[in-house]
Structures are given as structure tokens and as C-alpha cells.
Amino acid sequence: MEIKDIDTEVELGTVKLPNPVIPASGCFGFGYVMSEFYDLNLLGGISIKGTTLNPRRGNPLPRVAECSEGLINSVGLQNPGIDKVISEEIPALRKVFNNALIANISGFSIDEYRECCLRADSCGDIDIIELNVSCPNVHGGGMSFGTDPVMVGKVVEEVKKVTSKPVYVKLTPNVTDIVAIARSAENAGADGLCLINTLLGMRIDIKRRKPVIANVMGGFSGPAVFPVAVRMVWQVSNAVDIPVIGCGGVASADNVIEMMMAGAKAVEVGSANLINPYACADIVKELPHRMAELGIQNLKDLKI
């Protein structure tokens, strides 16, 4: 099979991407800075830095701990707030990027999610809203929205009332039954899902006898979580009828193909960008060659 016969185009509902590779939120900033290094239009889409209703300074330092096959981070959603993201960050990105733009939205109450998504809906440059439901529910004792199927459903229902854009829900893996969460999101009207977000991890400095991260625990990501992510994508894609974006430890074209065989329609690349700023561009360039070697002409019906 020749490269010219390879079709890397994929679809997330009504949104078409030239390829399935999307830098994950939190690992690519707001994207436009990377245009100094390569043409961002190589990418299928970009999920921009997690955004909240109001500006956030994030968690205290140190925020990052190294692990043998990944890293732990507790940045704490540092961002300038939705209004500045819409007025400054997204226009700057759109000057250098034409493909799918995914806005990752977080909140600390249902009211915050709803208001933030209402404002995001007014931005014509946003193609998909990605709900990060791993934030604490301040009205529910601090428990993450994403660990409770009922709360996930309530967030999705309220957001769908105020936006006409496709709403994808980014699911936390820190649950007993990921399928129950996924089905709740689908039943509430979600247009798609993204999984997985980070696992909960911790490191201790044995010399100082203190946690490495000031916040004690943080999100564990990187190659070590890839098998967990593939398993959860497989489980969820077989249980729902909406598109799934696979995420978690993706670092190569082979990882992308494996995720899509598990049922993902597109793939987000996270921590690999922090190790190699060219990671996504390298994967996009490698992908058609690996497809040709494996006898895969297109990615749309790759699920095993």
C-alpha cells in the first residue's frame, strides 16, 4: 500500500479532522506559541488549556514530580478566565490554526460550568466544548463531579441547555465503574466523551520526608497509564453510541492506532508534548507510514 492511498481523516460527529491527533488540554498551553516551531495545521485539532469562569493562579509550588514512566502534576487549572481566553487567547490561536478547536472547560459548581459554557458558546471559533468533570463539587463536600454518575448527568444537562456546540465530557479514571459514568453522560445529552484524564498519584521525597508536590497528590500521566486508558476506551466505546476520544499515555503513531482499534474516533496526546515539543507533529508524520506498513487504508472503521 502506498502513502498516497492512505486516508487519515476522521470525524467527531459533525466535526471533521484531517487526522486524529489532538494535543491534550494542559500540555500545549493555548497552542499559538508552538507555531514558532512547526505549522500547527498539521494537527487534527487542539484542546486548549483548561479554562474556568474566573482567573486562577493555580496551586502552590512545587507542582510537578517525576516518575519512571510518567509524571505527576498539580498545576491547579492556572488560567486567565473564560473572558480573556475568548478575547485574547483564542483569536491568537486562530491566526495560526484552522482546524478543530476544543475548549476545555472546568467549574467548581454547576452554575460555574453553565455560565462558562454559555460564554464559550458565543465564540464562533470554538468547535467543541470539552467538559473537565474532575473538579471538586463545592456544593457536594468537595467530591469530584466525575466520580458520581448523577452529578455528571446534572452538569451535562445544564450545559446542554446553554450551548449549541458539541459537548464532550472528559472522564476521570479514578472510579470503580467507568461505564456507568459514561452512560450517565450520554443519557444526559453528551455528544461525545474523552478518556482518560489523569490517575491520582503521589511521590515522597525520602530525604526531606515530605511529599514532593506542595498539594501532596496530583494527576499521574505518561506512558505508564496507557494500558489503563486503552482498557477504559474499549469498555466505554462498547457501551455507548457517541464518539470517544482516547487519551492517556499516547506517545507514538502505534499508540494512536491501538487507541483507535480500541474504539476511539480521535486521540489526544498529553505528557509526550512536555518531553518533546514536536511529539504531535512527529506522530502525524509517522502515522500514514505505519498505516501503510500495517495495511490500513483509513482510520474510520479501525475498531476491532
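Which residues in helix 5 meet which residues in helix 6?

Analyst: In this predicted model, the contact involves F226, A229, V230, V233 and W234 in helix 5, which meet N255, E258, M259 and M261 in helix 6. By class, the residues in the contact of helix 5 with helix 6 comprise seven nonpolar, one polar and one charged.

As to geometry, two packed helices are described by the angle between their axes and the distance between the axes. Helix 5 spans residues 226–237 and helix 6 spans residues 253–261; their axes come within 9 Å and cross at roughly 30°. Helix 5 is therefore roughly parallel to helix 6, because angles under 35 degrees count as roughly parallel.

The setting of this pair is a chain with eight helices and 16 strands. For 304 residues, a compact globule would have a radius of gyration near 19 Å, and the chain, at 18 Å, agrees with this. Along the principal axes, the C-alpha atoms fill a box of roughly 55 × 50 × 40 Å.

The chain also has pockets to consider. The largest pocket has a volume of about 1200 Å³. Its lining consists of 46 residues, with N73, N132, N197, T198 and G219 nearest the centre of the pocket. By class, this lining has 17 nonpolar, 26 polar and three charged residues. Strand 6 (70–73), strand 11 (199–202) and strand 14 (217–221) each supply at least two residues of the lining of the largest pocket. Strand 14 gives the most to that lining, with five residues.

How values were computed: Residues are numbered from 1 along each chain as its sequence is written. This is a predicted model: local features need pLDDT of at least 70, side-chain atom pairs count only at pLDDT 80 or more; totals for chains, interfaces and linings use all residues. Side-chain values use heavy atoms; hydrogens and water are left out. Axes are lines fitted to C-alpha atoms, for helices over the stretch in contact, and angles run from 0 to 180 degrees between N-to-C directions. Helices (H or I, at least four residues) and strands (E, at least two) are DSSP runs, numbered from the N terminus. Angles under 35 degrees count as roughly parallel, over 145 as roughly antiparallel, 65 to 115 as roughly perpendicular and the rest as oblique. Contact means heavy atoms within 4.5 Å. Ala, Val, Leu, Ile, Met, Phe, Trp, Tyr, Cys and Pro count as nonpolar, Asp, Glu, Lys and Arg as charged, and the others, Gly among them, as polar. On a 1 Å grid over the protein atoms alone, a cavity is a set of points where a 1.4 Å probe fits but cannot get out, and a pocket is an open set with protein on both sides within 12 Å along at least five of seven lines; lining residues have an atom within 4 Å of a point. Grid points are joined across faces, edges and corners, and a volume is the space filled by probe spheres set on the points. The radius of gyration is taken over C-alpha atoms; the globule rule is 2.2 Å times the number of residues to the power 0.38.
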